Amino acid sequence: MMEVFGDQYIRTPVNKSRSYQEFLLLNYLHKNNFPTCKPIAGYVEKSRFFYRAELIVEYIKSITFKEYLQRYNSCEDDFAYLGMIIAKFHKYSVFHGDLNITNILVKNYDLNKKDFYIIDFDKSKLLSKIKTLEVEKNLARLKRSLKKNNLFNDIFWQRLISGHRKEFI
């Protein structure tokens with residue numbers, strides 16, 4: 001629903017609210033072993049015309065993908081692996097509404113085997129079948145985020161795309 005004042009939204013039935021929908025999606029993802037945070041609790045405070053909502057999720061000791069790219073020497077394999085993770089979401093028809101480099105977390109970033117987590121599903125949906133256009137929109141959003149932050153590398157991007165294709169087929 002439309003955000004009106006900061007974190008207040010025009011009132012809607014609780015089961016239609018973005019926070020409730022995100023909580024359900026995170027439960028589905030967590031139960032099916034997707035790399036994301038575990039939802040703990042949700043809270044909705046209603047007033048006459050508006051509502052405010054909070055979602056509590058498990059803490060993941062990590063840094064954002066943006067921070068990782070700025071601080072560490074990433075490699076082509078990191079991007080191929082991330083492409084495979086994103087493809088898993090697409091394979092199960094999960095459309096992420098804001099896939100960007102701050103909504104990807106990197107755990108164990110100082111080790112050879114990193115773990116990537118995708119977070120922030122408030123604008124996301126579980127579709128009956130994801131369309132090619134929706135997959136392309138997700139990947140284009142991530143590419144824009146890399147470019148906007150001057151972190152885009154064409155060779156690494158091609159590895160992400162090849163990792164995605166390998167897993168998504």
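Where is the place of D120? D120 is in the loop between β8 (115-118) and β9 (125-126), with strands taken as DSSP runs of E of at least two residues and helices as runs of H or I of at least four, numbered from the N terminus.

## Basis of the report

This is a predicted model, in which local features need pLDDT of at least 70 and side-chain atom pairs count only at pLDDT 80 or more, while totals for chains, interfaces and linings use all residues. Residues are numbered from 1 along each chain as its sequence is written, and side-chain values use heavy atoms, with hydrogens and water left out.

## Two residues with positive phi

Most residues other than glycine have a negative phi. D120 is not a glycine, yet has a positive phi of about 65°. Its relative accessibility is 29%, so D120 counts as partly exposed; buried means under 20% relative accessible area, exposed over 50%, and partly exposed in between (1.4 Å probe, protein chains only).

N150, also not a glycine, has a positive phi of about 55°. N150 is found in the loop between α4 and α5. With a relative accessible area of 71%, N150 is exposed.

## The packing of α4 and α5

Two packed helices are described by the angle between their axes and the distance between the axes. Helix α4 (residues 132-148) and helix α5 (residues 154-168) pack at about 155°, and their axes are 12 Å apart. Here axes are lines fitted to C-alpha atoms, for helices over the stretch in contact, and angles run from 0 to 180 degrees between N-to-C directions. The helices are therefore roughly antiparallel, a term for angles over 145 degrees. The crossing of α4 and α5 is right-handed, meaning that the near helix is turned clockwise from the far one by less than a right angle.

On α4, the contact (heavy atoms within 4.5 Å) is made by V135, L139, L142, K143 and L146; on α5, by W157, L160, I161, H164 and F168. By class, these are eight nonpolar, one polar and one charged residues. Ala, Val, Leu, Ile, Met, Phe, Trp, Tyr, Cys and Pro count as nonpolar, Asp, Glu, Lys and Arg as charged, and the others, Gly among them, as polar.

## A buried loop residue

L151 lies in the loop between α4 and α5. Its relative accessible area is 19%, so L151 is buried. Beyond its neighbours within four places in sequence, L151 is in contact with K66, L69, Q70, I101 and L146. The C-alpha atoms of L151 and Q70 are separated by 7.7 Å, although the two residues are 81 apart along the chain.

Key
Parallel < 35°, antiparallel > 145°, perpendicular 65-115°, else oblique.
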